[in-house]
Amino acid sequence: MTAPLRLRLDGAALVSNWRHLAKLGGAASCGAAIKANGYGLGARDVAARLAEAGCRDFFVATWGEAAALAGLGVPVSVLHGVRAEDPLDAPHARPVLSTAEQVKRWKPTGRPCDVMVDTGMNRLGVSAEEIGAGLLDGLAIETLMSHLVSADEDVPLNARQLAAFGALKGRTPAKRMSLANSAGIALGADYAFDLTRPGIALYGGRQRPGHDAIRQVATPEAQILQRRRVRAGESVGYNATWIAPADTEVAILNLGYADGYLRCFSGRGSAMVAGVGLPVIGRVSMDLTAIDVTALPELREGDWVAMSYGLPETAALSGLSQYELLTGLGGRFDRIWA
Ligand SMILES: *Cc1c(COP(=O)(O)O)cnc(C)c1O
């Protein structure tokens with residue numbers, strides 16, 4: 001059975017983005033953040049493609065996400081650490097420890113782990129003071145990492161975090177150090193250390209000039225369920241927020257806010273067919289969205305249209321972040337790789 005809704009995924013663009021970020025990172029290895037099901041694209045498919053391209057470091061949030069990647073033969077780091085309820089023996093996965101309690105829990109296993117140190121985010125991570133007091137002694141640490149607060153902005157905090165993290169060089173048993181996410185990679189060579197951890201830019205996100213070569217990966221496409229003529233003065237959709245100023249040809253798409261195409265696209269989003277923009281009219285509803293197709297008389301019921309979904313532009317017009325635009329895409333899409 002095929003769905004009337006598909007997410008068109010460009011595997012060549014994904015790999016090209018990873019290679020571009022790897023090059024920006026200089027001598028550092030380039031990993032991949034594939035949490036939240038590969039930012040909504042499908043973690044297994046993303047991991048398999050990037051592993052084939054040479055990626056050897058993958059990051060997920062939870063052990064459930066790590067389990068979904070079993071059998072791919074790639075090592076996975078679990079960013080949320082290890083709780084009492086989590087397995088201590090998943091062969092392909094290791095935790096990113098971020099509290100003294102987690103360190104105590106993991107140390108007896110003798111197995112490799114990563115460690116997150118907080119340098120200003122005040123989210124997850126042990127402190128530099130705890131490290132100074134010997135918290136990490138005796139751990140088999142693969143990678144010591146920290147996370148940037150505002151890498152997508154030019155603020156003094158970037159340099160402060162860089163200095164705080166750099167000061168830990170040689171002060172822990174870690175084999176490697178890792179600081180930069182997508183935006184961090186574009187902050188400069190100093191930020192790359194031994195391993196970078198891009199996420200959003202792999203999937204088409206652009207946050208800094210260094211991302212200019214990043215290509216769009218995901219495009220939602222919806223099928224036309226009905227085409228109708230709406231007479232001047234009639235309305236379209238819930239609460240009649242759009243009134244036809246003239247006779248208008250309207251296509252109803254199988255796409256709505258339950259798919260992650262949220263109501264902020266009402267009157268703002270658009271579809272793109274053969275280079276022609278087709279504006280969303282009226283309110284986006286749960287499963288349906290209306291577009292003005294007056295410009296394309298040949299479009300008919302059963303045809304597919306691509307939604308305009310370039311991440312920086314779509315974020316600007318919707319008020320959603322580039323991250324939300326991807327992770328919100330729901331389970332009703334057929335995810336189709338080309
Ligand atoms: C999500 C995440 C990343 C990737 O961040 P992007 O901004 O998507 O590149 C890197 N490191 C950590 C710790 C993360 O949580």
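The model is a predicted one, so to speak: local features need pLDDT of at least 70, side-chain atom pairs count only at pLDDT 80 or more, and totals for chains, interfaces and linings use all residues. Residues are numbered from 1 along each chain as its sequence is written, and side-chain values use heavy atoms, with hydrogens and water left out.

The ligand has 14 residues around it, with K35, Y39, S182, I200 and Y323 the closest (near here is a heavy atom within 4 Å). By class, that shell splits into seven nonpolar, four polar and three charged residues, with Tyr counted as nonpolar, Lys as charged and Gly as polar.

K35 puts a polar side-chain atom 2.6 Å from a ligand oxygen, while an N or O atom in the H147 side chain is 3.5 Å from a ligand nitrogen. For N181, a side-chain N or O atom lies 3.4 Å from a ligand oxygen. Of the 390 Å² of accessible area that the ligand has on its own, the protein covers 93% (Shrake-Rupley, 1.4 Å probe).

As for the chain, the domain assignment (automatic or from a database) gives domain 1 (31-203) and domain 2 (218-337). Their C-alpha centres are 38 Å apart, and nine residues of domain 1 are in contact with eight of domain 2 (heavy atoms within 4.5 Å).

Notes: A polar contact is a pair of N or O atoms within 3.5 Å; within protein, one must be able to donate a hydrogen and the other to accept it, and residues adjacent in sequence count only if both atoms are side-chain atoms.
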